[in-house]
Amino acid sequence: MTATNHRKSGRWGRRKLLQTLGLGAACAPFVPLLDARGETDPAPRRLILVYTPHGTLHKFWNPTGTETDFVLPELLAPLAPYQHDNLIVLKGMRLNGQGGAGPHTRGMPLLFTGSEQLPGDKYKHGGAPPDDPLGWGGNVNASIDQVIAQGLAGTTPLHSLHLGYQVGGVHVANRMSFTAPDTPTELYEDPQHAYDQLFGLATLDKEAYERLKAKRMSSMEVVRAELQGLQFRVGKDERPKIESHLAALGDIEAALVNGYQCEVPPLGEPIDHVANESSAEVLSRHIQLITAALRCDLTRVVTLQVARGEWDANTYPWIPAPMTDFHHAHTHNAPENSEAEAYLRGIRRYYAEKIRELADALAAVPEGDGTMLDNTMIVWGTEVGHGQTHQFTEMPFVVVGGKTFLNSGRFVTHQDVAHHRLLVGILHAMGQTSIANYGENDVDVGSGPLPGLLL
């Protein structure tokens, strides 16, 4: 039998090693997995989907200039360091999808599922009377992050990671990620809880650690025997990879003997993770967790949700021109040049600053000839184009990172193109190239990825 026919059984990458060792997310910090000497593939691609609420203010968001020579406006200015080689600003995108609910409610689950909500009265706004006409049913698709994570199943210990801040109760209008129709994913709002679940074993006492080490060393002896057996059953082109993985196993054993831990700094003192004044710190800690999880290769698919489409009840007291009413309320009443408009501008710029913070954290991790940001696609979206008009046109999408596989450094104006094409582009970027359409089929959205998105 040829080496090609043996490729699947002979390819002892991270997936096979993790499966054989039975490693879960909590155990991953104890091993460096397979380092570059045992992993000859290019750096893995990763996806982070980010949601922030209530659209934008277009006159302060739209860049000016040409596709490759443009000036970032006030609300995107924090992303200037990535403008020329790791940023794509998309103008003219349309969010497709109807449903019985109001626009904020409808747009939230539609954003990354491409799936409108069914009519019905399964869900109601809080405190709504039984005859409230704005009831709605569930959506009819999984979100693209879950499709991608399923395609990567077994590659990493953790299927996907979901973090959020003030996201509300678990129902269709309060989530951006869905494992299946009408099935929102679970997420962590408390960074400390997420940290404990991801990296809690890193604080094991010596006796517990020794027990774990003995178990892992025993399992790796089995892996070594299988790898050594494979050396004589695969073609000569595969043998160097087997030898590399045997060497990597030795490194893992040495790391266990020496008490290796994936480097994850503590998050700091506990905080009230639901308080308005904690918003910036919660998101910073979530960013720290995302970076650590990706660096340790616990997962390659992440979502970060800031508030929710139905009602962002934050007051953002640190924003210049602080207002006393909720963010959502001001989106409905912000006359031009008013304090309310200045307040909303501050909020939108704050979101961009957090995207910049996430990009900076990834860019600080060397990887291959570049950084982890170069191989990570951050997609930032929202549920409506404008909070006051509730429009589903002129949706503000921004993509940061991923320059090794994306056509970056551009400001691209589309003519009312359905966002389903962007969803397909994200799927293709993450290896799901057999999917030509994603979302509703009763509208003319075109087929294939968004033109010009991918290299």
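Biologist: Which residues line the second largest cavity?

Modeller: In this predicted model, the lining of the second largest cavity consists of V50, T52, L283, I287, L304, V306, Y351, K354, I355 and L358. A cavity here is a set of points, on a 1 Å grid over the protein atoms alone, where a 1.4 Å probe fits but cannot get out, and lining residues have an atom within 4 Å of a point. Residues are numbered from 1 along each chain as its sequence is written.

Biologist: How much space lies in the second largest cavity?

Modeller: About 80 Å³. A volume is the space filled by probe spheres set on the points, with grid points joined across faces, edges and corners.

Biologist: Which element gives the most to that lining?

Modeller: Helix α10 (residues 339-363) gives the most to the lining of the second largest cavity, with four residues. At least two residues each come from α8, β8 and α10. Helices (H or I, at least four residues) and strands (E, at least two) are DSSP runs, numbered from the N terminus.

Biologist: And by class, what does the lining of the second largest cavity have?

Modeller: Eight nonpolar residues, one polar and one charged. Ala, Val, Leu, Ile, Met, Phe, Trp, Tyr, Cys and Pro count as nonpolar, Asp, Glu, Lys and Arg as charged, and the others, Gly among them, as polar.

Biologist: What about the largest cavity, which residues line that one?

Modeller: T52, G55, T56, W61, L75, R348, Y351, W380, G381, T382, P396 and V398 line the largest cavity. Two or more of these residues come from each of α10, β11 and β12 (395-401). The volume of the largest cavity is about 110 Å³, and its lining divides into six nonpolar, five polar and one charged residues.

Biologist: T52 came up in both lists. Where is T52 found?

Modeller: T52 sits in the loop between β1 and β2 (64-65). With a relative accessibility of 5%, T52 counts as buried; buried means under 20% relative accessible area, exposed over 50%, and partly exposed in between (1.4 Å probe, protein chains only).

Biologist: What is T52 in contact with, leaving aside its neighbours within four places in sequence?

Modeller: V306, Y351, W380, G381, T382 and E383 are in contact with T52. Contact means heavy atoms within 4.5 Å. Side-chain values use heavy atoms, with hydrogens and water left out; local features need pLDDT of at least 70, side-chain atom pairs count only at pLDDT 80 or more, and totals for chains, interfaces and linings use all residues.

Biologist: Back to α8, then. Why is α8 described as largely enclosed?

Modeller: Twelve of the 17 residues of α8 are buried, so the rest of the structure largely encloses this helix. Among the buried ones are L283 and I287, which also line the second largest cavity. Elements covering the buried residues of α8 include β1 (46-51), β5 (161-165), α5 (191-199), β8 (301-306), α10 and β11 (376-381).

Biologist: What should α8 span at 1.5 Å a residue?

Modeller: Helix α8 (residues 279-295) should span 24 Å, and its end C-alpha atoms are 24 Å apart, which agrees. The expected span is 1.5 Å times one less than the number of residues. Just after α8, D297 takes a positive phi of about 55 degrees.

Biologist: Another helix, please. How many residues of α3 are buried?

Modeller: Seven of the eight residues of helix α3 (residues 103-110) are buried, namely H104, T105, R106, G107, M108, P109 and L110. The cover over them includes β1, β6 (178-180), β8 and α9 (327-331).

Biologist: Now a loop. Is P81 buried or partly exposed?

Modeller: P81 is partly exposed, with a relative accessible area of 48%. P81 lies in the loop between β3 (70-71) and β4 (87-94). The C-alpha atoms of P81 and R356 are separated by 8.7 Å, although these residues are 275 residues apart along the chain.

Biologist: Finally, the chain as a whole. How many helices and strands are there?

Modeller: The protein chain has eleven helices and 13 strands. Of its 455 residues, 57% are buried. Among contacts with a separation of 6 or more, 73% join residues 24 or more positions apart.

How values were computed:
On a 1 Å grid over the protein atoms alone, a cavity is a set of points where a 1.4 Å probe fits but cannot get out, and a pocket is an open set with protein on both sides within 12 Å along at least five of seven lines; lining residues have an atom within 4 Å of a point.
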